[in-house]
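Please read them with the structure open.

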Amino acid sequence: MKNDKMKQQYRVNEQIRVREVRIVGDNGSTVVPTRDALNMAREQGVDLVEISPNANPPVCRLIDYSKFLYQQKKRAKEMKAKQVKVEVKEIRFGPQTDEHDYQFKLKHAKEFLEEGNKVRAYVFFRGRSILFKEQGEVLLLRFANDLEDVGKVEGMPSLEGKKMFLYLAPKKAGEKKKSQQARDREASEAVAKEAKAAQTADMKDVDTETPANGGLFANAKISADALKKLTETEE
């Protein structure tokens, strides 16, 4: 059935009834009358396959039709294999979840997001615990904040019946937010780098062997001038 459906997507040989077509191949492309293209296909023992009917003129290839269908099927299979299946993982809390249980669920949520899955976290209010809905909202906001490096919030906590939901999606590569500690470290490294560069520049200014600064002769002249000023002061 799949092959029959794929065959219906392409016109072949005499099914192509336009006046001219563009033939593409390893050596480039050329526009020729459709009759000439069909003759070329017969001479090479292959088929004239229309691969882009909406182009002007339509684009065709000279190829064995069975081989062409096999290549298309293989390519579709490879693309399907590359597609990442995103699942929605649930994390359930109570309005008064203890710290140990919170950390345990936080760890699992982080793993889910790093694997590319979405996370639906919710607080379930049983009976009169609905009175603690504000506490549940604070819990979910803390949860989102603790996962900000790997997940992004798709909506603020919302109450639906006896459940308050929070949805998190995985961050894309390169979207990871730097921690404050990392930012502080980078700033310190930048300051240290600038200080080192300034120190190097100062050393170059007093380098007695640097021709640009006059070398030994320049320093000797500076010392002589200083001694002269000192002598004049004493007199």
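1. Is Val153 buried, partly exposed or exposed? The model is a predicted one, and in it Val153 has a relative accessibility of 39%, so this residue counts as partly exposed. The cut-offs behind that reading are under 20% for buried and over 50% for exposed. Val153 belongs to strand 7, which runs over residues 151–160.

2. Val153 is also part of a nonpolar surface patch, made together with Leu141 and Met156. The area of this patch is about 270 Å².

3. Helix 4 covers residues 99–114, which makes 16 residues.

4. Which residues of helix 4 are buried? They are Tyr102, Lys105, Leu106, Ala109, Phe112 and Leu113. Viewed down the axis of helix 4, the buried residues fall within an arc of 120 degrees, so they line one face of the helix. His100, Lys107 and Glu114 sit on the other side of helix 4 and are exposed.

5. The cover over the buried residues of helix 4 comes from several elements. Among them are strand 5 (88–93), strand 6 (118–124) and strand 8 (163–170). Helix 5 (133–146) also contributes, as does strand 7, the strand that holds Val153 of point 1.

6. Lys105 forms a salt bridge with Asp101, with an N to O distance of 3.3 Å. The two residues are 4 apart in helix 4, so about one helical turn separates Asp101 from Lys105. Lys105 has a relative accessibility of 19% and therefore counts as buried, the limit being under 20%. Asp101, at 26%, is partly exposed.

7. How many salt bridges does the structure hold? The count is 8. One of them pairs Glu50 with Arg11, whose closest N and O atoms are 2.8 Å apart. This pair links distant parts of the chain, 39 residues apart: Glu50 is in strand 3 (residues 47–52), and Arg11 is in the loop between helix 1 (2–7) and strand 1 (20–25). Glu50 is buried, at a relative accessible area of 2%, whereas Arg11 is partly exposed, at 33%.

8. A further salt bridge joins the side chains of Glu87 and Lys89, with 3.0 Å from N to O. Here Glu87 is partly exposed, its relative accessible area being 35%. Lys89 is partly exposed as well, with a value of 24%.

9. The loop between helix 1 and strand 1 holds Asn13 as well as Arg11. With a relative accessibility of 17%, Asn13 counts as buried. What does Asn13 touch, leaving out residues up to four places away in sequence? Its contacts are Leu38, Asp47 and Leu48.

Key:
Residues numbered from 1 in each chain as written. Predicted model: local features only at pLDDT ≥ 70, side-chain atom pairs only at ≥ 80, totals over all residues. Heavy atoms only, no water. Patch = residues over 30% accessible without salt bridge, like charges linked within 9 Å, V, L, I, M, F, W, Y side chains within 5 Å. Areas by Shrake-Rupley, 256 points an atom, 1.4 Å probe, with all protein chains shown as cover. Salt bridge = Lys/Arg side-chain N within 4 Å of Asp/Glu carboxyl O. Buried < 20%, exposed > 50% of the residue type's maximum accessible area, 1.4 Å probe, protein only. Expected span 1.5 Å × (residues − 1). Arc of directions from axis to C-beta. Contact = heavy atoms within 4.5 Å.
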